Amino acid sequence: MAKLFLGLDASTQSLSAIVIDYDARRVVYDRSLNFDKALPHYGTQNGTLRSTDPLVVHSPPLLWVEALDMLFAQMKTDGVPLRDVLAISGSGQQHGSVYLNARASDALARLNSPKSLVDNLRGIFSRSTSPVWMDSSTSAECSEIREALGGIKATARKTGSDTFERFTGPQIRKLYKTEPGRYAETASIALVSSFMASIIAGKIAPIDHGDGAGMNLMDIRKKTWLPEALKATAPQLRRKLPLLAPSSKVIGKVGPYFVKKFGLNPNAQALVWSGDNPCSVIGLGLIEEGMVAISLGTSDTLFGYMKRCRVDERGEGHVFGAPTGDYMTLICFKNGSLARERIRDMYKRDWNGFNAALASTPPGNRAAIMLPWFEAEIVPRVNTSGVHRFNLDPTDASANCRAVVEAQMMSMRLHSQWMKVRPKQILATGGASANTAILQIIADVFNCPVLRIEVAKSAALGAALRAAHGWLFHSGKRPKWPDVVADFTDPIPDNKINPRLEAARVYDMFLERYARCERSTLSRMG
Ligand code: XUL
């Protein structure tokens with residue numbers, strides 16, 4: 001019998017399933033359900049409900065419930081041998097929170113298969129919508145919690161990150177302040193990940209150390225709830241939070257609902273779920289220090305595995321638990337493709353023209369520097385947008401094209417130094433990773449090879465691999481992560497871009513100059 005493992009991913013816009021055949025070392029099923037298209041009656045746009053306040057972004061949790069039923073039904077129709085699935089785990093968009101009333105526990109335990117999941121669970125919410133990671137309406141609560149914890153440095157040291165609007169603690173505090181009645185009615189608070197795991201297991205699931213770190217409520221070193229953070233957030237919070245657990249924790253067997261309705265094996269294990277970024281760390285095979293990924297999307301993100309916990313005392317980057325039991329880091333740069341496209345359009349180029357400009361200009365750009373903050377930036381923290389040029393002629397199109405990419409990569413190198421991890425190789429993903437000229441600049445700036453990979457489903461794959469690891473572990477084996485991820489996460493060898501020695505030297509010298517420009521601009525801006 002094949003050893004099959006199922007990984008689900010409840011992301012912002014879709015619910016995906018990946019099934020792996022562990023011994024055959026391959027993905028045997030891969031399917032996604034887009035929320036807006038499959039479930040239009042929830043009225044979401046890109047999976048979220050917009051309010052009149054642009055800072056408020058919520059999603060209806062019943063949408064995720066209905067999507068889960070629908071995706072299992074689809075798997076059954078598609079002939080997935082669900083009886084052979086040995087364990088299930090999952091990944092959820094980070095930070096989003098689900099508010100459950102006192103009826104939730106019983107309703108989860110008594111899921112009844114003739115009824116749909118929605119009909120079973122309609123009455124369990126103390127709040128019908130869930131704030132998600134795109135919500136940025138909690139600045140006041142961020143300041144209050146940060147102050148109570150002793151400022152940016154202390155907050156980062158204690159919880160792994162400074163307070164951020166999207167993090168769950170500030171969101172809980174906002175509910176407590178603005179709707180105390182609803183807060184009081186809330187018996188249990190779940191993350192998207194632990195909520196979905198609760199449905200599969202038929203009981204309130206623990207929050208894992210990966211997703212727990214995205215709340216500003218967990219002691220990042222002890223991996224326990226941090227009493228002073230709970231106190232700073234809302235009263236009686238401890239009793240509303242579930243247990244914290246390692247990502248390898250088995251919650252129990254999959255609930256009878258899924259056995260009866262979809263033919264799952266009654267002995268299949270339900271594992272704790274984690275956040276999408278911790279799952280992607282596994283799905284990309286980032287399981288050794290020095291293995292880093294850069295995702296070049298609307299925003300650029302740098303993330304990777306970290307053996308020992310080090311935090312960014314400036315409060316710009318995040319530390320989460322990694323599913324391996326160690327740590328991971330994540331740094332988000334807002335002006336990613338957005339800034340590259342603005343420069344491309346400003347100088348009336350297409351991508352070929354933009355790349356020709358990169359080819360016609362030297363590394364280091366003859367000491368011309370740009371700070372491309374078209375939008376208020378997250379890293380470094382910049383509240384006022386603006387593009388700043390140093391020794392850079394605004395009419396020199398080619399130099400401006402090079403300057404925007406060099407600035408982004410220099411900034412990534414500079415603002416990831418706190419990790420004290422020298423990348424051995426960088427995996428490049430996301431739309432702009434198709435651009436070899438940009439990847440060459442990353443290779444030269446970081447002085448390490450860059451490998452392009454195709455990772456549309458890294459979080460779901462990571463969840464399936466976590467299910468496999470957890471199942472092997474609980475069957476008394478001692479699975480090693482490199483063996484678990486081997487073959488599934490091997491990058492395509494032809495896609496390697498090596499650093500050029502001369503260019504790497506130029507960037508080593510250039511870094512301090514770039515840092516000075518950034519420092520002087522930030523201090524001028526106050
Ligand atoms: C990470 C973050 C997003 C979400 C959505 O801090 O906010 O990456 O996890 O995918």
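This talk covers the salt bridges and the ligand site of one structure.

Before the details, the ground rules. The model is predicted, so local features need pLDDT of at least 70 and side-chain atom pairs count only at pLDDT 80 or more, while totals for chains, interfaces and linings use all residues. Residues are numbered from 1 along each chain as its sequence is written, and side-chain values use heavy atoms, with hydrogens and water left out.

I start with the salt bridges. The structure holds 26 of them, a salt bridge being a side-chain nitrogen of Lys or Arg within 4 Å of a carboxyl oxygen of Asp or Glu. One of them joins lysine 261 to aspartate 69, at 3.9 Å from N to O. Lysine 261 sits in helix α12 (residues 256-262) and aspartate 69 in helix α2 (residues 61-77), 192 residues apart. Helices here are DSSP runs of H or I with at least four residues, strands are runs of E with at least two, and both are numbered from the N terminus.

The cut-offs are under 20% relative accessible area for buried, over 50% for exposed, and partly exposed in between, with a 1.4 Å probe and protein chains only.

Next, aspartate 300 and arginine 340 meet in a salt bridge at 2.8 Å, N to O. Aspartate 300 lies in strand β18 (residues 300-306) and arginine 340 in helix α14 (residues 337-346), so this pair ties together parts 40 residues apart in sequence. Both aspartate 300 and arginine 340 are buried.

There is also a network of salt bridges, linking Glu141, Glu144, Arg173 and Lys177.

Now the ligand. Which residues surround the ligand? They are Gln94, His95, Trp133, Arg166, Asp276 and Asn277, where near means that a heavy atom of the residue lies within 4 Å. This shell divides into 1 nonpolar, 3 polar and 2 charged residues. Ala, Val, Leu, Ile, Met, Phe, Trp, Tyr, Cys and Pro count as nonpolar, Asp, Glu, Lys and Arg as charged, and the others, Gly among them, as polar.

Oxygen atoms of the ligand come up in the next distances. A polar side-chain atom of aspartate 276 is 2.4 Å from a ligand oxygen. For asparagine 277, a polar side-chain atom lies 3.1 Å from a ligand oxygen. Glutamine 94 has a polar backbone atom 3.1 Å from an oxygen of the ligand.

Terms used
Polar contact = N/O pair within 3.5 Å; in protein donor to acceptor, adjacent residues only side chain to side chain.
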